[in-house]
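I opened this notebook to keep track of what I looked up in one structure.

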Amino acid sequence: MPLQNPDTLFLDAAIFHASNEVRRKYNLPVFQHDPGLYLASSGHATSMVYRTFFNHINPYSPYERTARRRVELFTKRFKRIGENIGKYQTLVSGEYLVARWKREQNQFEFLNESDQKVCQPYTYAGYARFVVEQWMASPSHRANLVNPGYNYLGCAARLSPEPFKHKKVPYASLVQNFGGEQ
């Protein structure tokens, strides 16, 4: 997955499909895509990455303050709404990383501390599965993913801008919005 110019639509779809892999594993009906949930998740992921915050509450916009408000900007069909957020690095790595400035390229590179090998980005599918695994390891996030009351889903991931220009591991802000009609 290229971190400087990722195909975010492809990544969003990969996360949607990885979420449905979990649903199949637990013998639950797969999620149906909903454009309103997708637009709400995309907007919130974009806000978190570019306004550098990480929260279910958007402190910058009263119209987008809560998940319900964000979703209802695009659709009012859901009685139940849930949200998962995440912020995870986009490089495959060991436990510890070392940042090294590459003067000739005017950017940082990140190495595994243990073997000093350069860390590579995840593939789209690999990152999607990694993120869903992280959510499944958290009881509250897991509850949303396997909740049979949620039938609709919108997923979005937005990657950190200028990923190798800062001494901070490249990451993505991710959002899943869930909808249930009953």
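What percentage of the 182 residues in the chain is buried? I looked it up: buried residues make up 49% of the 182. Buried means under 20% relative accessible area, exposed means over 50%, and partly exposed lies in between (1.4 Å probe, protein chains only).

**Ground rules**

I noted that this is a predicted model, where local features need pLDDT of at least 70, side-chain atom pairs count only at pLDDT 80 or more, and totals for chains, interfaces and linings use all residues. Residues are numbered from 1 along each chain as its sequence is written, and side-chain values use heavy atoms, with hydrogens and water left out.

**Entry: the whole chain**

I looked up the elements next. The chain has 5 helices and 6 strands. Both are DSSP runs, numbered from the N terminus: helices are H or I with at least four residues, strands are E with at least two. Read from the N terminus, the order is α-β-α-α-β-β-β-α-α-β-β. The radius of gyration is 17 Å, close to the 16 Å that the globule rule gives for 182 residues, so the chain is as compact as a globular protein of that length. That radius is taken over C-alpha atoms, and the globule rule is 2.2 Å times the number of residues to the power 0.38.

I also took the extent along the principal axes. The C-alpha trace spans about 55 × 40 × 25 Å.

Then I checked contacts, meaning heavy atoms within 4.5 Å. Of the contacts in the chain with a separation of 6 or more, 70% are between residues 24 or more positions apart.

**Entry: surface and charge**

The chain exposes about 9600 Å², and carbon and sulfur atoms supply 52% of that area. Accessible areas come from the Shrake-Rupley method with a 1.4 Å probe; for residues, only the protein chains shown count as cover.

**Entry: the annotated span**

Which residues does the "domain: SCP" annotation cover? The UniProt record, an unreviewed entry, gives residues 18–160. UniProt positions are in the numbering used here, feature names are shortened, and annotations may be inferred rather than shown by experiment. I found this span to be 35% helix and 22% strand. Its end C-alpha atoms lie 21 Å apart.

**Entry: the N-terminal part**

Asn5 sits in the segment before H1. Asn5 is exposed, with a relative accessible area of 65%.

Phe10 lies in helix H1, residues 8–25. At 48% relative accessibility, Phe10 is partly exposed. Phe10 and Ala125 are 115 residues apart in sequence and 9.3 Å apart in space, C-alpha to C-alpha.

**Entry: Arg70**

Is Arg70 buried or exposed? Arg70 is buried, at 3% relative accessible area. Arg70 belongs to helix H3, residues 67–72. Leaving out residues up to four places away in sequence, I found that Arg70 touches Ala40, His44, His56, Asn58, Tyr63, Glu64, Arg65 and Glu83.

**Entry: loops**

Tyr96 is in the loop between strand S2 (80–89) and S3. Tyr96 touches Leu111, Asn112 and Glu113, not counting residues up to four places away in sequence. From Tyr96 to Phe110 I count 14 residues in sequence and 9.9 Å in space, C-alpha to C-alpha.

Asn106 is in the loop between strand S3 (97–102) and strand S4 (107–112). Its phi is near 55°, a positive value in a residue other than glycine. Asn106 is partly exposed, at 43%.

Gln116 is in the loop between S4 and helix H4 (124–136). Gln116 is not a glycine either, and its phi is positive, about 60°. Gln116 is partly exposed, at 44%.

Ala137 is in the loop between H4 and helix H5 (139–145). Ala137 is exposed, at 65%. Ala137 and Tyr171 are 34 residues apart in sequence and 19 Å apart in space, C-alpha to C-alpha.
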